[in-house]
Protein chains: 2
Amino acid sequence: MSGNQDPVIILVEPQLGKNIGMCARAMLNCGLTRLRLVNPRDGWPQETARATAADADRVIDSAEVFATLDEAIADCHRVYATTARNRSQTVPVLTAEAAAAEMKSTTEGKGSIAVLFGPEASGLDGEAIARADTLVRFPTNPEFSSLNLAQAVLLLGWEWRRVAVDETVIPAPEAATREELDGFLTRLTETLDEKGFFLTESMKPHSLQSLRTLFTKTGATQQEVKLLHGVLTALGRKDK
Amino acid sequence: MSGNQDPVIILVEPQLGKNIGMCARAMLNCGLTRLRLVNPRDGWPQETARATAADADRVIDSAEVFATLDEAIADCHRVYATTARNRSQTVPVLTAEAAAAEMKSTTEGKGSIAVLFGPEASGLDGEAIARADTLVRFPTNPEFSSLNLAQAVLLLGWEWRRVAVDETVIPAPEAATREELDGFLTRLTETLDEKGFFLTESMKPHSLQSLRTLFTKTGATQQEVKLLHGVLTALGRKDK
């Protein structure tokens, strides 16, 4: 993912500096760094933004400020507008997930993408919506759908990251070999046999299978199999 | 999606009331309503929580408070712990997306799921991690991965919501409650103590944590916990 092809996040007339900072943090969490501000209510720069950005200062420092939305999107090839409502009958609407996939296929080609977020209190107005190719909706709880600004930025970035970076696989801890596990199970079985655990011979296969299932489910590491051997040794002792 | 089968969100020793409120809001955005608090630093209830919850008051009002994590998870069948780091070599780790899919298949069966979130400054400690069946990681930007508490809750809820509407999942077997598993672990510990398993007092907490991790990973059913009790009884006998 090249930095230059990442979507530009545009906050249109944001009201509170602390929200701008939280947006910057959410952006960087998702690997996004290109922030633009259209006519921020309390001017720019703002110390409160820096405070809530945590260590995402570089997003704050490189933020670009524009007087109008048209200037902010002038160099963009495609514009998405986030909205809580379906305000338009004519602009296509995608979920954040579908929009991210579309963005990805667009940037695979060429050109800059902008995603617009409206002021905290009101969201984007009709003028801003009219500049969008596509609206983006977040399918939250319909009875309580209102996201705050930084949460909306986070979810958009999260969906972007999902398609832009493939890292869905996390290596599992290294399990013991099946032979090591079998060594423990064999010893456990023999010990239980000596202790009269299996009430009848006919029950034995079923009980053994249950034990095998249970200990296999642990996905125990080599270290853990050693621990189990230690437990078995201790339990076989007379009380100290 | 029935309200009762939704995951329980457990905030372990949360520090700031305003963050608890923002978590409540993020939860309700995703249709989650079951909030538990373990030993909140500034007590409970807190007005700051209500203020930042926006209109998610009902999540705040129905929040349950516990003195210890063990009490908070006693009736849960499966416990997930969110973490920014891979702190354990042995507990399986899933992305939020994969964890949500697993949670969904588990609740299709029956039983309560808990998802743990640690204190703002430090995250969950080793004691809490040892109580988890599975760790949950958020694959954010590796160079700037630290999510704030409410953002982590939002992303978990978002992933849950994504799968909660999907209905193509096979039910998992019913796990024992955490209380039932704890009953076995307590008895095992006492028995090992009598047998002199713990060579030194200083090693004991680490060994206990390893045992807890191992047996928690089994996701044992009630029937399997009974089997383990039977094994323990048998191993304590003299040879027949």
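1. A friendly place to start is where the two chains meet. Helix α10 of chain A, residues 222–236, packs against helix α8 of chain B, residues 178–194, with the axes 9 Å apart and an angle of about 60° between them. That angle makes α10(A) oblique to α8(B). The crossing of α10(A) past α8(B) is left-handed. Please keep in mind throughout that this is a predicted model.

2. Which residues make this contact between α10(A) and α8(B)? From α10(A) come V231(A), A234(A) and L235(A), and from α8(B) come L188(B), T191(B) and L192(B). Sorted by class, the contact of α10(A) with α8(B) has five nonpolar residues, one polar residue and no charged residues.

3. Now look at L192(A), which sits in helix α8 of chain A, residues 178–194. Is L192(A) buried or exposed? L192(A) has a relative accessible area of 0%, so this residue is buried. Leaving aside residues up to four places away in sequence, L192(A) touches F197(A), F198(A) and L211(A) from chain A, together with V231(B), A234(B) and L235(B) from chain B. For a sense of distance, the C-alpha atoms of L192(A) and A100(A) are separated by 57 Å, and these two residues are 92 residues apart along the chain.

4. Staying with α8(B), you can follow this helix to a partner in chain B. The axes of α8(B) and helix α9 of chain B, residues 204–217, come within 11 Å and cross at roughly 140°. The two helices α8(B) and α9(B) are therefore oblique to each other. Here α8(B) passes α9(B) in a right-handed crossing.

5. On the α8(B) side are R178(B), L181(B), D182(B), F184(B), L185(B), L188(B), T189(B), L192(B) and D193(B). On the α9(B) side are K204(B), L208(B), L211(B), R212(B), F215(B) and T216(B). By class, the contact of α8(B) with α9(B) divides into eight nonpolar, two polar and five charged residues. Two of these names have already come up, as L188(B) and L192(B) also belong to the contact with α10(A).

6. Next, the aromatic rings. How many aromatic pairs are there over all chains? The count comes to seven. In one of them, F197(B) and F198(B) are edge-to-face, with 5.1 Å centre to centre and 80° between the planes. F197(B) counts as buried because its relative accessibility is 15%. F198(B) counts as buried too, at 9% relative accessibility.

7. There is also an aromatic cluster with members from both chains: F184(A), F215(A), F184(B) and F215(B).

8. With a relative accessibility of 15%, G196(B) counts as buried. The C-alpha atoms of G196(B) and K238(B) are separated by 17 Å, and the two residues lie 42 residues apart along the chain.

9. Do check the cis peptide bonds. In chain A, the bond from W44(A) to P45(A) is cis, with omega near 0°. P45(A) is found in the loop between β2 (35–38) and α2 (47–52) of chain A. In chain B, a cis peptide bond joins W44(B) and P45(B), with omega about 0°. The place of P45(B) is the loop between β2 (35–38) and α2 (47–52) of chain B.

10. Two residues of chain A deserve a glance for their backbone angles. N39(A) is not a glycine, yet has a positive phi of about 50°. N39(A) lies in the loop between β2 and α2 of chain A, and counts as partly exposed at 38% relative accessibility. A54(A), also not a glycine, has a positive phi of about 55°. A54(A) lies in the loop between α2 and α3 (57–61) of chain A, and counts as partly exposed at 32% relative accessibility.

11. Finally, a wider view of chain A. Chain A has 10 helices and seven strands. Of its 240 residues, 49% count as buried. Among the contacts in chain A with a separation of 6 or more, residues 24 or more positions apart account for 83%.

How values were computed. Residues are numbered from 1 along each chain as its sequence is written. Chains are lettered from A and ligands numbered from 1 in the order in which they are written. This is a predicted model: local features need pLDDT of at least 70, side-chain atom pairs count only at pLDDT 80 or more; totals for chains, interfaces and linings use all residues. Side-chain values use heavy atoms; hydrogens and water are left out. Axes are lines fitted to C-alpha atoms, for helices over the stretch in contact, and angles run from 0 to 180 degrees between N-to-C directions. Helices (H or I, at least four residues) and strands (E, at least two) are DSSP runs, numbered from the N terminus. Angles under 35 degrees count as roughly parallel, over 145 as roughly antiparallel, 65 to 115 as roughly perpendicular and the rest as oblique. A crossing is left-handed if the near helix is turned anticlockwise from the far one by less than a right angle, and right-handed if clockwise. Contact means heavy atoms within 4.5 Å. Ala, Val, Leu, Ile, Met, Phe, Trp, Tyr, Cys and Pro count as nonpolar, Asp, Glu, Lys and Arg as charged, and the others, Gly among them, as polar. Rings of Phe, Tyr and Trp (its six-membered ring) pair if their centres lie within 6.5 Å; planes under 30 degrees apart count as stacked, over 60 as edge-to-face and the rest as tilted. Buried means under 20% relative accessible area, exposed over 50%, partly exposed in between (1.4 Å probe, protein chains only).
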